[in-house]
Amino acid sequence: GQWNKTEYPFRVFKSHMTPKPMNGPKNSHFQCLDVVGRPKVKYIAMTRDGRDVMKSLEKFLRIHTKEFRTMWGGFPPPLENMEAAFDFCMPTENIPVLGYIKEWWPYRNHPNVLLLHYGDVHKDIPGTLRKVAEFIGLKHIPAKAFKEIEKRVSIEFMRARDKRYLMRFGHNLDKTIMSDKGGLIRTGGIGTAKDGLNEELDKRFEEHMQKHIGDDSELMKWYKDRMK
């Protein structure tokens, strides 16, 4: 069947979880992955400019349908602007803007971990696809297939199929969690939050970075260099 193709002997699971800490107590409830204890499981983790994360979240939460929001007692809150997104995510890391990369960073050199930054991925999609393929052991993908994969991961391909990503609920899956008005897919670019930022919000994010990853100069440089 579809689950038993010999040429692809693996499963893919998506989550927001992070590794168990190497030392000391957990910093968040996301830290549950046993990266060291499960060496045959391969983990691909990707981070992004936190300001762009919050810009995406602003739209994502705002377009949830009224019916779905009512069913969950008013959750998620509609975020009307970037300031509201900042207030929702920071300073508690209610959404792990920087906690995610901070918890993955100690495992970046483990053989079963591939750590990516969206800034690098966006600048070299073909190179990233080959890097991922090599990491998961797919060494004989034809060049024609790579071209098709590159097309299917493009923002244009996804935007043309926007309704596919609205997520459905209800007994017959006849209702969507998010409205299709205005479209779910944004630009897919780097620095897309800039239009909604001001000097005060930029300062808040800089202070947030210093607080959460400022104690690791290597991580801070790696992260900030790829925000450009």
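**Entry 1: a nonpolar surface patch**

I began with tyrosine 8, which is partly exposed at a relative accessible area of 43%; buried means under 20%, exposed over 50% and partly exposed in between, with a 1.4 Å probe and protein chains only. The model I consulted is predicted, so local features need pLDDT of at least 70 and side-chain atom pairs count only at pLDDT 80 or more, whereas totals for chains, interfaces and linings use all residues. Residues are numbered from 1 along each chain as its sequence is written, and side-chain values use heavy atoms, with hydrogens and water left out.

I placed tyrosine 8 in the segment before strand 1 (18-19). Helices (H or I, at least four residues) and strands (E, at least two) are DSSP runs numbered from the N terminus. Together with Phe10 and Val12, Tyr8 forms a nonpolar patch on the surface, and the three have about 310 Å² of accessible area together. Such areas come from the Shrake-Rupley method with a 1.4 Å probe, and for residues only the protein chains shown count as cover. Patches take residues with over 30% relative accessible area and no salt bridge, joining like charges within 9 Å and nonpolar side chains (Val, Leu, Ile, Met, Phe, Trp, Tyr) within 5 Å.

**Entry 2: a negative surface patch**

I then noted a patch of negative charge on the surface, where Glu83, Glu199, Glu200 and Glu207 gather. Asp and Glu count as negative and Lys and Arg as positive, while His and the chain ends are not counted; the place of a charge is NZ of Lys, CZ of Arg, CG of Asp or CD of Glu. Helix 9 (residues 199-213) gives the most to this patch, with 3 residues. Glutamate 207 lies in helix 9 and is partly exposed, at 46% relative accessibility.

**Entry 3: salt bridges**

How many salt bridges does the model hold? I recorded a count of 12, a salt bridge being a side-chain nitrogen of Lys or Arg within 4 Å of a carboxyl oxygen of Asp or Glu.

Aspartate 215 and lysine 102 meet through their side chains at 3.2 Å, N to O. Aspartate 215 is in the loop between helix 9 and helix 10 (217-225) and lysine 102 is in helix 4 (residues 99-104), so this pair ties together parts that are 113 residues apart in sequence. Aspartate 215 is exposed at 64%, and lysine 102 is partly exposed at 31%.

Glutamate 148 and arginine 152 form a salt bridge of 2.8 Å, N to O. Both lie in helix 7 (residues 143-152), and because they are 4 residues apart, about one helical turn separates them. Glutamate 148 is partly exposed at 31%, as is arginine 152 at 48%.

In helix 10, I found aspartate 225 and lysine 221 4 residues apart, about one helical turn; their salt bridge spans 2.7 Å, N to O. Aspartate 225 is partly exposed at 31%, whereas lysine 221 is exposed at 54%. I also noted a network of salt bridges that links Asp49, Arg51 and Asp202.

**Entry 4: two further residues**

Is threonine 128 buried or exposed? I found threonine 128 buried, with a relative accessible area of 13%. Threonine 128 sits in helix 6 (residues 125-135) and, leaving aside residues up to four places away in sequence, touches Leu116, Asp120 and Val121; contact means heavy atoms within 4.5 Å.

Histidine 29, in the loop between strand 1 and strand 2 (31-33), is exposed at 66% relative accessible area. From histidine 29 to lysine 139 I noted 36 Å, C-alpha to C-alpha, across 110 residues of sequence.
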